[in-house]
Amino acid sequence: MIAEDTAILEVPEAANVAPALPPGLPASEYPSGELWECSDQDELLFAQRKRFLAEVGFCLITAEVIDALAKLSAGKKVLEAGSGSGWLAARLGERGINILAADWTDYRTADRSSKRGYPVREVFRLDHHGNAVDLLPGDYDTVLLVWPNYETQFAHNVACAMRSGQTLIYEGESEGGCTADQAFFQYLRISFKPRLSEMAELNTNHRTFPGVHDKWWIGTKR
Ligand SMILES: C[S@@+](CC[C@H](N)C(=O)[O-])C[C@H]1O[C@@H](n2cnc3c(N)ncnc32)[C@H](O)[C@@H]1O
């Protein structure tokens, strides 16, 4: 697998005893990325992130971000491609959003013997167990793509399979970071029109773990 992932395949003992960091709290309850990066508690924060990865997923999702995503998705049909534990899809579903959570890994039955794959322990929602790209373009208004695999074609394939007028909500690092691949970012530049004000609204109350620089990006396919 991939550079970022090799560090997170296993859940070390320290992560199991690290205090849980609950998702979905107001942004003010989480330290900002910059504060975390200056922290002298690196080991604890690293262990907390490992625990979060196993129990929730890759993105630290604040209450304000859930509100903003629910507002953006109201009355729309949403596909979450690569939904992982399905924590976010479950929260949006509770808010009445018509969302389909798709992942080709079912973490309830995933074979852990090879130590490959992600250390997700619980599945909150999984509506389609299979290749999310095969569901596109479909009749979805919006595709939610959170932390797509690094240096694989997944994100690029999702973006290519979308049709004109569909909205992509991407969460991950920028080009050169540890999510998606270069072809994805090149394709975004050419084939999508960015929606700057909605992006800004999502990112204002977004929080990140120390050492990662993920953020939200929204665009409509041309
Ligand atoms: C890095 S994980 C992120 C999971 C989740 N979005 C999160 O933020 O925690 C990427 C996920 O995409 C899934 N995935 C990769 N390619 C896929 C495909 N073609 N169809 C469906 N799921 C896919 C993987 O199984 C994995 O669960």
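What follows is a run of questions and answers on this model.

Tutor: Two notes first: this is a predicted model, where local features need pLDDT of at least 70, side-chain atom pairs count only at pLDDT 80 or more, and totals for chains, interfaces and linings use all residues. Residues are numbered from 1 along each chain as its sequence is written, and side-chain values use heavy atoms, with hydrogens and water left out.

Student: How many helices and strands does the protein chain have?
Tutor: Helices here are DSSP runs of H or I with at least four residues, strands are runs of E with at least two, and both are numbered from the N terminus. Counted that way, the protein chain comes to 9 helices and 7 strands.

Student: What share of the residues of the protein chain is buried?
Tutor: Buried means under 20% relative accessible area, exposed means over 50%, and partly exposed is in between (1.4 Å probe, protein chains only). The protein chain has 222 residues, and the buried share of them is 50%.

Student: What part of the contacts comes from residues 24 or more positions apart?
Tutor: A contact means heavy atoms within 4.5 Å. Taking the contacts in the protein chain with a separation of 6 or more, residues 24 or more positions apart account for 76%.

Student: Which ring does the charged end of arginine 91 sit over?
Tutor: A charge counts as over a ring if NZ of Lys or CZ of Arg is within 6 Å of the ring centre and within 35 degrees of the ring normal. Lysine 77 gives one such case, at 5.0 Å from the ring centre of tyrosine 140. For arginine 91, the charged end is 4.9 Å from the centre of the ring of tryptophan 87.

Student: How are the rings of tyrosine 170 and phenylalanine 185 arranged?
Tutor: Rings of Phe, Tyr and Trp (its six-membered ring) pair if their centres lie within 6.5 Å; planes under 30 degrees apart are stacked, over 60 edge-to-face, and the rest tilted. The count by this rule is 7 aromatic pairs. In this one the centres are 5.9 Å apart and the planes meet at 80 degrees, so the pair is edge-to-face.

Student: Which residues are closest to the ligand?
Tutor: A residue is near a molecule if one of its heavy atoms lies within 4 Å of it. The ligand is surrounded by 17 residues, and the closest are Gly82, Asp103, Thr105, Tyr107 and Val146.

Student: How much of the ligand does the protein bury?
Tutor: Start with polar contacts, pairs of N or O atoms within 3.5 Å (within protein, one must be able to donate a hydrogen and the other to accept it, and residues adjacent in sequence count only if both atoms are side-chain atoms). The side chain of threonine 105 has an N or O atom 2.8 Å from a ligand oxygen, while ligand nitrogen atoms lie 2.9 Å from a backbone N or O atom of alanine 132 and 2.8 Å from a polar backbone atom of valine 146. Accessible areas come from the Shrake-Rupley method with a 1.4 Å probe, and for residues only the protein chains shown count as cover. Taken alone the ligand exposes 600 Å², and the protein buries 95% of that.

Student: Is glutamate 151 buried or exposed?
Tutor: Glutamate 151 sits in the loop between strand 4 and helix 7, with a positive phi of about 55 degrees although it is not a glycine. Tryptophan 147, in the loop between strand 4 and helix 7 (154-161), has a phi near 55 degrees and is buried at 9%. For glutamate 151, the relative accessibility is 52%, so it counts as exposed.

Student: Which two residues does the cis peptide bond join?
Tutor: Look in the loop between strand 3 and strand 4, where proline 137 is found. Omega is about 5 degrees for this cis bond, and the two residues are leucine 136 and proline 137.
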